Amino acid sequence: MSTTPSTTPPPTATAAVVPLGAQRSAGAEERFFLLLSIFIGVYAGLAVVCFRLTIEWTRIYTLGSSLAITGPRLIIAPAVAGLVVAFLVMKVFPAVRGSGVNQTKSALYISNGYIPLRTAIGKFICSALAIGAGHSLGPEDPSLQIGATLASALGRRLRLSREKTRLIAPVGAAAGLAAAFNAPISAVLFVIEEVIGRWSAGILGSIVLAAVSSVVVARFFLGAEPMFRVPTVSIISTEELLAYALLGVAGGIASLIFAKLIGWSRPILKAMPRWTQYFQPAIAGAIIGTIGYLGFPQVMGAGYEYMDQAMHSQFTWQVLLILAALKIAATTMSFTSGTPGGMFAPALFIGAMLGAATGGIEHLLLPRLTGSVGTYALVGMGVLFAAFLRAPLTSVFMVLEVSGNYSIIIPVILANTIAYLISRSMQPTPIFEVLTRQDGLLLPSMEEQRDAGVLRVEDAMRPYAGPTLESDELAEVAAERAASSPEPVLLVRRGAYAQWFAIRRDTLRSAPPHSLVAHVLPEEPLPVLFPDIPLEAALRRLHGHEVVPVVNRGDPLKLEGVLTLELVLQTYSKARDEPFE
Amino acid sequence: MNDSPPTPWWRNDAVIFAALVLIAAIAFSATYIVTSTYKRREDSLARHWYAVGDASLASGRAKEAVADFRTALLYSRDNPEFRLRLAEALAADNDTQQAIAYFLNLWEEQPGNGLYNLQLARLYARDNQPRKAAQYYNAAIFGIWPDNPFTHRREARIEYVKFLLASHDNPNAQAEALSLAAATPASDIAGRLEAAKLLLTTGDIDHALNEYRALLKAEPAEAAKGAGTAAFDLAEYRSAVEYLRTAVDKGVTDPQTKLLLARAQQVLDFDPWERHITADARAKRVSTAYVQAGDRLQQCAAIKQQQLAVIPPTTDMQQLYSEWLSTTVDFKKLAQNPDLRDSVMDLVFRIENATALQCGDPPSGPDWALLTLARNGEGVER
C-alpha cells in the first residue's frame, strides 16, 4: 500500500488562511519556532511515555505478567492481536503500516510536512497492541512517527509558514525517537542522517531542543537509567580488536540477510489478494507465538529484557545464534505482514545476540584474548544498526548513549565500519529506500545524498585570458592593453577596496580623453567567488552578470579565474554524463 | 499606514504560548496519573513475583525461582535485593557462571560489600578458581557488613579456613585460623572454641592446645575434650587421658572422645617406663609386650604367607622371629634389670614397626598401642 494518498494534505488545509508566520519577521519566526520546538519535545515525550506504558499494559494483559510465558496464550495473543490490528489498519488507519521512518520522510518531501493526526492515534493503538501482544517489532520507529505527527498537527494548527511546516515533522520525529531511546544525541543524528539528510543550522537548533526536552520528560517519568546495564568494559589487548572486526563481518552478513529477506518477502505478501491482508498479521503472530511456545519466547515483542540478559552471559552461544536467526525470521514476518511497528529494536536484538554469540565463541577459542561478552553484545547492537539501518554515525552514538559507557568507542567504530561497508557493497540500496520504492515513492536517498560529490567553482572556472585592468590607470592606456584581449568583457580591479568590475572594451574606448578607468566603471562592483564555493551557491551570484571573478581567499586582489553561466551549465552537463560514484 | 487587518487576540504569541503551556500542564498531569497507576501495578507485580521466587527457592525449586526473580526484576529493574536473590537462585540452581555474572554486576556497584564478596568467593571456589576465591574471601573478611560486621567477618574467615583446608593449603589455613583466634575477643567463648577447633583441624596443634587450656575454666567440657584431642595428637597421652576423662566426667558423651580416652589409656597401660609403677609391674608390661609382638609377627607372616622358622633367615621378619625366639624373657630378670627391659622393648618396637610396614598399621588394640609407643620413642613418659 502506498503511503502517498494518506499523506497528501487536504486541499483546504492551507488554503484561505493567512499563515501565522507571515505576521512575523524572519527572525521572530525563528525564535518562535525554537520555543515551539521545546513544546514539541514535551508533547512528544509525554506521548512516548504513554505509548511505552500502553505496550507494557498490553503485554501484561495479553501474555501475562511473568517473564517465563507459557501455555497457549503464547500463540493466541499475537494471533488475535494480529487480526484486530489488521482490521484497524485496513479499515480505520491505513497510513499506519510500516515503521514510520519513511512516512515521516514522505511528509517532509511530498506533502509539505503534513501528517494527519489520525496517523499518530492509529500508530499508537496498533503498534502498542501488536508489540505488547508479542509481534516481533519495536516501539522506536512508531515513537518517531508519533512525535512527527504531533509536531505536524501543531504546526498546522499554529499556521506556520510553509517552510517551517515542512521542517516541523522532523523536529517532532527527533523528539519522539529521543524519548523512545532515552538518547537525544542518537535521535538528532538519526533524523539528520536518515530523514533530513543534511546539516542545516536553521533546523539543528530546533531538533536538538526538541530531542532534549522530550528526553527530560521521558526520564522524569521512566527514570534516567541507561537502557542497558553493561558490565565494566575493558579492552584486554589490541589483538582483541581483531575479534571485533570479525563481529563486524558477521553483523554485516546478518544485516544483509535480514534486509534481503524483507525486501524479497514484502512485495510477495503485498501482491496477494486484499482479503488475505486481514489475516497476514494474525498468521505472522501465530507463527511467532509458536516459536515462543516451542521454547524461544525471547523473540516476541521488542525483547529489551533479553538483550540485557545476553549482555550478562545468560545464554550459551548456540542459543544466542538461534535467537538471532529466529528474530530475523520473526521480524520479517511481522513487518512484511503489514503490522505496524519498528525495526530498530529487532535490529538491536539481532545485533546483541550475534555479538554475544561471537563473544562466546571467541571466549571459547581464544580465552586469553577476549573481554566480556556484554561488550560484544553491545558492539553487536551498533553493528546491526549501522549495517541494517545504514546509519553509521548514529550507530556509534546510539551504543554509547544506551549503555552510558564511552570506553568501547574504538571497537564500536571498527566493527560498525566493517559491517556498514559489507552491507553497502552487497546491497547498494538501503532498506528504507527499498521499502519506499516498493511503495511507489521516490524519496531522496540520504545515503546517496551523503555520497554525492559536490561540484565547486574550481570544477567549472576557467583562466582569465585578458589583462587585469586597474581602476586608477588611464582609460586610453587600458584600452590599448586590452586591444588584443580575447576576452569580450574585461576585469578591472579597484585595489583600495578589493573590488572587481566588469567593463566592455567599447566602453573603455569611448571614455573621455585623459580620464581614468574608474570614471567609466559601473556603480555596482561584481560579486566575487572563491574556488571552494559549491557551484549551486555560485549560480545564484552569477545572476545578471556576464562573468564573475574567482579570487584567492588569502588575497582578494589575486585573480584565480572567471566563471560564467555557460561554464556552469557545461560542468553540470558533464557531471550528468559522468555521475559521481 | 498599515492596511492589514488587526491580529485577533488569540493569535498573539503570548496567548499561543500560554495555551501551549496549559496543554502541556494538562497532558503532563494526565501522564503523571497514568504513570503512577502503572508504577503501582509494577510494584505490586514485583512484590508478587519476588514472594513467589522466595517460596520457590525455599522449597528447593531453584530453576523456577530464577524465572520468578527475573520477572520481579522486570518490574523493579534495579532493585538490589531482587538482583541479589536472583543471583542466589542462580547459584542454588548450580548455574555458576550466570550467578557469578550477576554477583559481579552487584559487586561493581559496591566492591566493598561483604556479602557480594563472600558469594563470589563461594562461586569461584565452586568453579575451581582458588585464586579468585581467595581474593574474594579476603575481600569479604575485610568487607563492609551493614549489620553484625564482627560476626559476618568471623564467619567469612571460618569459611575461608575451611576452603583452604579443602584446597590442601594448610600453611595458609593455619595462618588464617591463628588470625581468627587472635581476633576473637576473650569474652567470646564460642568463638574461641571454634578458633581452637580450626587450629586443631589445620594441624596447628600447639596453638590449639593452648587455646583449649585457656578455655578450661570457662567451658570445661568442650575445652577439656579439645585439649584432650590436641594432647593425644601431640602424643601427650597422660595429659590426654586427664583432659578426656574430665570431658567425660563433665558430660561429654560422644563416642570419639571415649574412643580417644580408651586408646590413650591403652598406650599408658603398655608403657613399661611409666612413672610411679613398681619394677614388677614394668616387668609384667615388658613380658606382655613380648608375647604380643610374637603373636603379631606370626599373624603377619601368615597373611603374607611367609615361613618364619627358616635357617638362615633371609628376610627382616625371619630375622626378627629368630631374634624373638632367641630372647629369653625371665620375669625376675626383667624386674631387676632395666637394660634387659629396654632391649626386649627394643625388639618389640622393631617387630611392630616391621609388621606395620608389611601388613599395615593395626587399627586398634594392643598392637596399635605398642606401635604408638614405638613411634613416640621409648615410651611416652620418658
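**Figure 1. The contact between chain B and chain A in the predicted model**. Chain B contributes 26 residues to this contact, and chain A contributes 27 residues. Three helices of chain B, namely α1 (13-58), α2 (62-75) and α4 (96-109), each provide at least two residues of the side that touches chain A. The largest share of that side, 12 residues, belongs to α1(B). Sorted by class, the side of chain B that touches chain A comprises 14 nonpolar, seven polar and five charged residues.

**Figure 2. The helices and overall extent of chain B**. Chain B contains 18 helices and zero strands. Its radius of gyration is 37 Å, whereas the globule rule gives 21 Å for 382 residues; chain B is therefore more spread out than a compact globule. Along the principal axes, the C-alpha atoms of chain B occupy a box of roughly 150 × 50 × 40 Å.

**Figure 3. Burial and contacts within chain B**. What percentage of the 382 residues of chain B count as buried? The value is 37%. Where contacts in chain B link residues at least 6 apart in sequence, 48% of these contacts join residues at least 24 apart.

**Figure 4. The domains of chain A**. The domain assignment divides chain A into domain 1 (4-222), domain 2 (240-442) and domain 3 (457-577). How many Å apart are the C-alpha centres of domain 2 and domain 3 of chain A? These two centres are separated by 57 Å.

Definitions and conventions:
Residues are numbered from 1 along each chain as its sequence is written. Chains are lettered from A and ligands numbered from 1 in the order in which they are written. This is a predicted model: local features need pLDDT of at least 70, side-chain atom pairs count only at pLDDT 80 or more; totals for chains, interfaces and linings use all residues. Helices (H or I, at least four residues) and strands (E, at least two) are DSSP runs, numbered from the N terminus. The radius of gyration is taken over C-alpha atoms; the globule rule is 2.2 Å times the number of residues to the power 0.38. A residue is buried if 20 or more other C-beta atoms lie within 10 Å of its own, exposed if 12 or fewer, and partly exposed in between; C-beta atoms are placed from the backbone. Two residues are in contact if their C-beta atoms, placed from the backbone, lie within 7 Å. Ala, Val, Leu, Ile, Met, Phe, Trp, Tyr, Cys and Pro count as nonpolar, Asp, Glu, Lys and Arg as charged, and the others, Gly among them, as polar. Domain bounds come from an automatic or database domain assignment.
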